[in-house]
Amino acid sequence: MQALDAIDRNILRHLRENARLSNAALAKAVGLSPSACLRRINILEQSGVIRGYTALVGDSLGEDGIAVIIRISLEKQTEASFSRFESAVRRHPEIRECLLMTGDSDYLLRVDVDSAHEFERIHNDVLSKLPGVQRIHSSFSIRNVLATQRKK
């Protein structure tokens with residue numbers, strides 16, 4: 001795949017805002033014919049720039065829901081420690097994402113909660129009991145800029 005040009009970036013911007021936009025509407029918005037727009041979308045998909053389409057589901061985080069980003073450091077950075085931790089994380093549906101990281105933390109987790117009280121329960125009952133955890137650092141989100149549809 002060659003570098004993305006301004007039209008490709010514009011297509012991606014529009015699809016990120018509304019992936020259900022019809023090809024005709026998208027083509028008009030980016031200044032292409034429908035066939036040229038569809039050809040570019042196909043190239044973006046085949047090259048892996050567009051990996052898929054998704055729905056933003058409202059029941060995960062309601063209007064007042066909070067995404068909590070948690071950095072976890074383990075006592076040991078061994079394959080066995082990572083394996084035990086990851087197996088334990090898979091048993092807790094409260095943990096929505098778990099990423100093995102480089103840098104000053106071993107893992108980055110995401111938990112969705114409705115209140116600080118709910119997070120306290122998850123912290124006490126789940127996070128602090130995960131095997132090998134040395135340090136837990138949590139940050140509360142204000143809002144997800146990319147997942148929030150603009151009001152029109």
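Mentor: Let us begin with helix axes: they are lines fitted to C-alpha atoms, for helices over the stretch in contact, and angles run from 0 to 180 degrees between N-to-C directions. Please bear in mind that this is a predicted model. The mean pLDDT of the chain is 89, and 88% of its residues reach 70 or more.

Trainee: Why are α1 and α3 called roughly perpendicular?

Mentor: The axes of α1 (residues 6–17) and α3 (residues 34–46) cross at roughly 85°. Angles of 65 to 115 degrees count as roughly perpendicular, so α1 and α3 receive that description. Their axes come within 11 Å.

Trainee: Which residues of α1 and α3 meet?

Mentor: From α1, Ile-7, Asp-8, Ile-11 and Leu-12 take part, and they meet Cys-37, Arg-40, Ile-41 and Leu-44 of α3.

Trainee: What makes Phe-119 and Phe-140 an aromatic pair, and why is the pair called edge-to-face?

Mentor: By the rule for ring pairs the count comes to 3. In the pair of Phe-119 and Phe-140 the ring centres are 5.3 Å apart, and the limit is 6.5 Å, so the two rings pair. Their planes stand at 80°; an angle over 60 counts as edge-to-face, which is therefore the term used. Phe-119 lies in helix α5 (residues 116–125) and Phe-140 in strand β4 (residues 133–140), so the pair ties together parts that are 21 residues apart in sequence.

Trainee: How do you know whether Phe-119 is buried or exposed?

Mentor: Its relative accessible area is 7%. Buried means under 20%, so Phe-119 is buried. Phe-140, at 40%, is partly exposed, because that class lies between 20% and 50%.

Trainee: Where else do ring pairs occur?

Mentor: They link Phe-82, Phe-85 and Tyr-107 into a cluster.

Trainee: What makes a set of residues a nonpolar core?

Mentor: The residues must be buried and nonpolar, joined through side-chain atoms within 4.5 Å. The largest such core has 20 residues, and Ile-70, Ile-72, Phe-85 and Leu-127 are among those with the most contacts inside it. Two or more residues come from each of β1 (66–74), α4 (79–90), β3 (107–113) and α5. Of these, β1 gives the most, with 5 residues. Apart from this core lies another, of 9 residues, including Ala-27, Val-30, Ile-41 and Ile-50.

Trainee: Which residues does Leu-127 contact, leaving aside its neighbours within four places in sequence?

Mentor: Leu-127 is in contact with Ile-70, Ile-95, Leu-109, Phe-119, Ile-122, Val-133 and Ile-136.

Note on methods. Residues numbered from 1 in each chain as written. Heavy atoms only, no water. pLDDT = per-residue confidence, 0-100. Helix = DSSP H or I, 4+ residues; strand = E, 2+ residues; numbered from the N terminus. Phe/Tyr/Trp six-rings, centres within 6.5 Å; stacked < 30°, edge-to-face > 60°. Buried < 20%, exposed > 50% of the residue type's maximum accessible area, 1.4 Å probe, protein only. Contact = heavy atoms within 4.5 Å. Parallel < 35°, antiparallel > 145°, perpendicular 65-115°, else oblique.
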